[in-house]
Amino acid sequence: MQPFEQIVAGHGAMVLRVCRAVLGPDDAEDAWSETFLSALKAYPELPPDANVEAWLVTIAHRKAIDVTRAAARRPTPVETVPERVSRTGRPDDWDGDLWNALRALPARQRQAVAYHYLAGLPYKEIAAISGGSADAARRAAADGIKNLRTTYPRVIDPMGATR
Amino acid sequence: MMTTSASASASGSGSGSPAGHLFDTLPEQDAPALERLRERLSAQAQREGVLDVAYRTLATPAGDLLLAATEQGLVKVAFAVQDHDRVLQQLAGAISPRVLSSPKRLDETSRQIEEYFAGERTRFELTLDWRLSKGFRREVLAHLQDIGYGRTESYAQVAAASGRPRAVRAVGTACATNPLPVVVPCHRVVRSDGSAGGYAGGADAKRVLLSLETAA
């Protein structure tokens with residue numbers, strides 16, 4: 001069994017990308033931390049032939065649900081929160097417009113898009129993670145991409161704000 | 001659309017896939033964020049008691065040393081010629097696969113080793129985890145701690161001191177497989193003719209250590 005450090009080195013960036021796409025900039029790092037701590041604990045029992053990417057995304061999926069629930073309990077009136085502005089100041093930075101477009105997707109589409117296009121998982125694995133059939137996962141990913149193409153990146157006004 | 005990094009084409013989000021360049025702005029590699037997250041992970045793992053093996057590397061005049069510690073103490077020191085990746089793989093098999101790069105647990109060890117190489121320390125005061133050495137080999141290694149800084153003994157002398165005067169070859173094996181070189185001073189065991197003899201870290205490393213100690 002390889003040292004867990006190699007799991008972090010080999011897949012940490014992918015899991016961060018998935019967490020960011022599914023949860024956005026504010027909660028992604030908490031979800032990453034929870035995912036890898038949980039993975040570290042379970043790692044000695046991981047079967048040798050397990051698909052490590054699918055295993056990590058499965059844990060990240062559960063942690064993302066936890067984080068979303070916790071966020072829903074936070075007493076923050078979303079309507080009054082100003083539209084978030086890119087942290088780097090570039091209008092097309094991911095935590096500005098891309099995240100706004102991703103956030104607007106139904107959760108299943110956002111997950112299917114992230115798990116397939118960012119984690120590289122086949123639809124069969126995605127179905128095992130988020131429920132439903134492989135065909136449903138394929139449709140959710142296709143619909144998600146189609147929706148993103150209509151909302152991103154065209155909806156940028158010159159001030160870098162989005163609506 | 002602007003591309004903020006040259007990263008996007010390596011994954012499934014390249015222009016050949018349905019996602020095209022949609023995710024170009026979501027960086028594939030974000031080194032500062034990952035460094036922060038890895039530090040946080042090792043701190044959390046330490047707190048929750050699941051950091052079974054913590055390691056770091058330390059640059060020394062004898063080359064880069066890999067230092068690894070369990071919760072019980074320093075468990076492994078390895079020279080670069082021993083192939084650090086292979087050593088980590090062995091630790092994962094022999095102790096636990098919960099292995100993380102985590103320098104903090106090795107702060108005190110690193111400080112003492114740096115003092116040693118600066119000629120400011122003649123003995124180590126560290127808690128050692130002896131689990132990688134067993135039986136007669138471990139008895140031999142325990143005796144090595146009695147060979148003081150700047151002194152040497154022959155393999156035959158060590159065999160006699162360990163209570164098995166004819167086990168000269170076994171002493172050689174014990175030294176060659178010492179899991180804690182430098183700290184447990186197998187470099188102070190030399191051939192009867194005074195030449196340095198073999199060393200797990202290579203002949204050069206042994207010379208560095210012996211000349212360091214005789215210069216002091």
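B:Asp83 counts as partly exposed because 13 C-beta neighbours lie inside 10 Å (a residue is buried with 20 or more other C-beta atoms within 10 Å of its own, exposed with 12 or fewer, and partly exposed in between, the C-beta atoms being placed from the backbone). This is a predicted model, in which local features need pLDDT of at least 70 and side-chain atom pairs count only at pLDDT 80 or more, while totals for chains, interfaces and linings use all residues. Residues are numbered from 1 along each chain as its sequence is written, and chains are lettered from A and ligands numbered from 1 in the order in which they are written.

**Positive phi in chain B**
- B:Asp83, in the loop between strand S3 (74-79) and H2 of chain B, has a phi near 65°, a positive value in a residue other than glycine.
- B:Val182, which is not a glycine either, has a positive phi of about 75°; B:Val182 lies in the loop between helix H6 (168-176) and strand S6 (189-190) of chain B and is buried, with 21 other C-beta atoms within 10 Å.

**Build of chain B**
- Chain B has 7 helices and 6 strands, where helices (H or I, at least four residues) and strands (E, at least two) are DSSP runs numbered from the N terminus.
- The radius of gyration of chain B is 22 Å, whereas a compact globule of 216 residues would have one near 17 Å (taken over C-alpha atoms, with a globule rule of 2.2 Å times the number of residues to the power 0.38).
- Along its principal axes, the C-alpha trace of chain B spans about 75 × 35 × 30 Å, and 35% of the 216 residues of chain B count as buried.

**Where the chains meet**
- In chain B, 34 residues are in contact with 33 residues of chain A, a contact being two residues whose C-beta atoms, placed from the backbone, lie within 7 Å.
- Helix H1 (31-47), helix H2 (84-94) and strand S4 (99-101) of chain B each give two or more residues to the side that touches chain A, and H1(B) gives the most, with 8 residues.

**Helix H2 of chain A**
- The buried residues of H2(A) are A:Ala28, A:Ala31, A:Trp32, A:Thr35, A:Phe36, A:Ala39 and A:Leu40.
- They cover an arc of only 165° around the axis, so they are on the same side of H2(A); the arc is that of the directions from the helix axis to the C-beta atoms.
- The buried residues of H2(A) pack against helix H1 (4-23) and helix H3 (52-73) of chain A, together with H1 of chain B.
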